[in-house]
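Subject: Handover of a two-chain model

Dear colleague,

Please find the structure below. I would be grateful if you kept it open while reading the notes that come after it.

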Amino acid sequence: MNFASQFLKDARVMAGDLQHRKIIRTALSHYEVARDQRKASFQSWESARQLAAEAKWDALNHLDKYLVEFTAKIEARGTKVHWASTAAQAREIILQIVRDKKAKSVIKSKAMTAEEIHLNDALEHAGLNVVENDLGEFIVQLRHEAPYHIVFPSMHLTRGEISELFQRELGSAPTNDPEELTMIARRALRKKFLTADIGITGANFAIAETGMISITENEGNARLTAALPKTMISLLGIEKILPKMGDLALFLPILATAGAGQPLTCYNTMYGGPRQPGESDGPEEWHVVLLDNHRTELLADAEQRDALHCIRCGACLNVCPIFKNIGGHTYGTTYGGPIGSVITPHLRGLQDWKHLSNASSLCGACTEACPVKINLHHHLLQNRRNAAAQQPTLKERIGFKSFVQLANHPKLWAFAKKFARLTQPLQKLVKGTRLDPGYHWTQTRDLPDVAPETFKDWWRKRK
Amino acid sequence: MTVTLFIPCFMDALFPRAGICMVEILERLGHKVVCPEEIVCCGQPPFNSGYWDEARAVAAKVLQQLQNAEVIVIGSGSCGAMLNNFYPELFKDTPQSELAKQISARTWEFSEFLVKKLGVTDLGATFPHKVTFHDGCHGLRELGVKKSPRELLGHVRGLQLVEMAEVETCCGFGGTFATKLPMISTAMGDLKCANAIETGADYIVSNDSSCLMHLQGLLSRQGSKLKTIHLAEVLNQQ
């Protein structure tokens, strides 16, 4: 089954899953209120968005300069920077480090780039023990599932389901208490932290000016990942660059506000390199892997390159009525929701993934929510245009060519209305069945009749 | 002034009352209304499906028909957004680029035209019912229409306006989306209907008949008593 058929099949099932819908709506029920309260604490949220978009525009348009600056600064403190053009190269770079260190176990804090290159599979295939240490990621890893949401990986699960999972996988006692569930995970994870050979992180931002990466988190797990193992690897997309340290004063609060309705994420840490002489902790070795994986192709697209502004806050998913109805896994992509529907065709092939651009009512809630002003729903329209221009379907080509004739010839349109009026009693006989030409509408909805007197009939008579 | 009324294809064929009410309201306010009979559709279906050449073929005829219009009024946020926002993009770098921008600047969504251009908020209407207003997404987010319809409804005698929960969430129509992904569209529509029913209103009022066609279709199928009605029809109830 191809990606589009799988998507249609899963979307149909999920759209009718009322239990799932209830869980997601409950999970997001406080989000918009909290976000709006935090937005109000900005002097001007709109100006903040504009400034953020401009900073990202500058970063992306001078990526060549900023990446080199970032690399020079961070290498000066002893970090090794690796450049990976493809997912396969990134995996190989990381596997080579693992082999050099003769590592047996890896502890990993949340990183969507690692999901993008399917790093865990590669590491496990090479015989390593890999443990996710973000609570949500830990839960979905135990379920052998991909993250459901780019910020809230296990938001689709109830406490009861998590408790059952922990009982089964960790041998814990049943509990419905969120704190106790967290403690169960914490006890399991602490042991892993202490014995891991390598820590892997992602990054939220990479600061060119100072050669540092910024990681924001709510659990402190990324800090432990960076502090305990002797070797640390950070995998980040090249678009994570911000020009100046001062940009974080804007980006940290807008990320927290847009993503989770928080004033700031609980822990905001800057990493500048491996342990320096005289320092008491930190890794002995630090590798930064800069990942392209088709990002430069998107960068070359002048019309849509602002999709690389994305700071992965998840705001567009949180407000998307499609996401809330079909759920994160249905997309079948690393990045779900509106931003995923925009970038996946660029990252993984337009024809294979164009169906995601059609799975939108173009309501624009995503564009309104985006803190860096990516015109998400217009990009979906552009994806549709590019896909149709490259490979029009016969059915749509004939359909729209006929439509042009109908729309440009009022007499033909008048005839069509008369024809519909004559045939609609027949259509009623098969209404809502597969024989009904309007099946995709009438399966769940009534269709109004063509009016006995249309507006144009009335207008002509009146004149 | 002479107002050129743009009647969308679905309004012409399925919801002529809304168009007739707009004509009557504008004439009562002392304006001359013209309605180019050559215009059938704004071209949105092929545009939203990615078939921009076909959309341009339809839109070019609209531009030609409207080139001398003083102001253009549309009783649909969605078709309004097409003329206002998407025509300039569709005709970018073509000989009609300038005309598309001019037409865009002269085009008004119906409620915005009444309130912002004409400064009229009280049309002397009476509609003794409890209603809830549905914001079509194109009107709301592409054109920024939010207050005008509510101001107009606020002056209707006997009318009680109750806002529904999640009022700015899409109803799930989305043009071709409604038939390309009917089950997602239906799920979204069910939620919208549930929120509207929750208010206890007799009517869902909107400035977009296309959303209402979808919602009315769901409500009728479910046997609900809640009805849908275009804003112009409410404002024309004397």
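This is a predicted model: local features need pLDDT of at least 70, side-chain atom pairs count only at pLDDT 80 or more; totals for chains, interfaces and linings use all residues.

Residues are numbered from 1 along each chain as its sequence is written, while chains are lettered from A and ligands numbered from 1 in the order in which they are written.

**Contact between the chains**

Chain A has 49 residues in contact with 50 residues of chain B (two residues are in contact if their C-beta atoms, placed from the backbone, lie within 7 Å). Several helices of chain A give two or more residues to this side, among them helix 1 (3-15), helix 16 (321-326) and helix 22 (410-429). Helices here are DSSP runs of H or I with at least four residues, numbered from the N terminus. Helix 21 of chain A provides the largest share, eight residues. By type, the side of chain A that touches chain B holds 27 nonpolar, 11 polar and 11 charged residues. Nonpolar covers Ala, Val, Leu, Ile, Met, Phe, Trp, Tyr, Cys and Pro; charged covers Asp, Glu, Lys and Arg; the others, Gly among them, are polar.

**Domains**

Domain bounds come from an automatic or database domain assignment. For chain A it gives domain 1 (42-293) and domain 2 (410-462), and the centres of these two, taken over C-alpha atoms, are separated by 56 Å. Chain B is divided into domain 1 (2-117) and domain 2 (130-235), with 22 Å between their centres, again taken over C-alpha atoms. In chain B, 28 residues of domain 1 are in contact with 22 residues of domain 2.

**Helix 1 of chain A**

The 13 residues of helix 1 of chain A should span 18 Å at 1.5 Å a residue, and the end C-alpha atoms are 18 Å apart, which agrees (the expected span is 1.5 Å times one less than the number of residues). Its buried residues are A:Phe7, A:Ala11, A:Met14 and A:Ala15. A residue is buried if 20 or more other C-beta atoms lie within 10 Å of its own, and exposed if 12 or fewer do, with C-beta atoms placed from the backbone. Seen down the axis of helix 1 of chain A, the buried residues fall within an arc of 90°, so they line one face of the helix; the arc is that of the directions from the helix axis to the C-beta atoms. The face turned away from this buried side carries the exposed residues A:Ser5 and A:Lys9.

Yours sincerely
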